[in-house]
Amino acid sequence: FVYGSLMCPSVLQVLLGRVPQARPALLPGYERLRIIGKSYPALVPGERADSAVAGLIYEDLTEEVQQTLDLFEDDEDDHYVKKLVTTS
């Protein structure tokens with residue numbers, strides 16, 4: 001599930017040389033917030049019952065492609081956490 005810059009086809013084209021097949025998804029129970037002083041958003045548990053974040057699920061990602069995307073997301077502060085989530 002991606003919800004920020006990895007939703008942009010131009011970013012994927014630069015990183016991967018292609019844009020993978022994707023489908024829209026919602027991540028319930030979370031909110032997308034801007035981080036002060038950073039150029040990227042963060043997900044935090046939502047405070048409202050109807051909290052949800054819109055994003056994409058990419059299909060057919062090889063392990064190598066997943067590692068490339070993980071490296072792109074990882075920052076010098078080690079805030080990136082990859083975890084299994086359930087979307088709708």
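Okay, let's start at Ser 51. Not counting residues up to four places away in sequence, Ser 51 touches Leu 27, Pro 28, Gly 29, Tyr 30, Glu 31 and Gly 46. Keep in mind that this is a predicted model. Where does Ser 51 sit? In the loop between strand 3 and strand 4. Buried or exposed, then? Ser 51 has a relative accessible area of 4%, so it counts as buried.

Now compare Asp 60. This one is in the loop between strand 4 and helix 2. Asp 60 isn't a glycine, yet its phi is positive, about 55 degrees. As for the solvent side of things, Asp 60 comes out at 69% relative accessibility, so we call it exposed.

On to the core. The largest nonpolar core has eight residues: Val 2, Leu 6, Leu 12, Leu 16, Leu 56, Tyr 58, Val 65 and Leu 69. Which elements give two or more residues to this core? Those are helix 1 (9-16), strand 4 (52-58) and helix 2 (63-73).

Last thing, confidence. The protein chain averages a pLDDT of 88, and 92% of the residues score at least 70. Helix 1 has the highest confidence, at 96, while strand 3, residues 41-45, has the lowest, with a mean of 86.

Methods: Residues numbered from 1 in each chain as written. Predicted model: local features only at pLDDT ≥ 70, side-chain atom pairs only at ≥ 80, totals over all residues. Heavy atoms only, no water. Core = buried A, V, L, I, M, F, W, Y, C linked by side-chain atoms within 4.5 Å. Buried < 20%, exposed > 50% of the residue type's maximum accessible area, 1.4 Å probe, protein only. Helix = DSSP H or I, 4+ residues; strand = E, 2+ residues; numbered from the N terminus. pLDDT = per-residue confidence, 0-100. Contact = heavy atoms within 4.5 Å.
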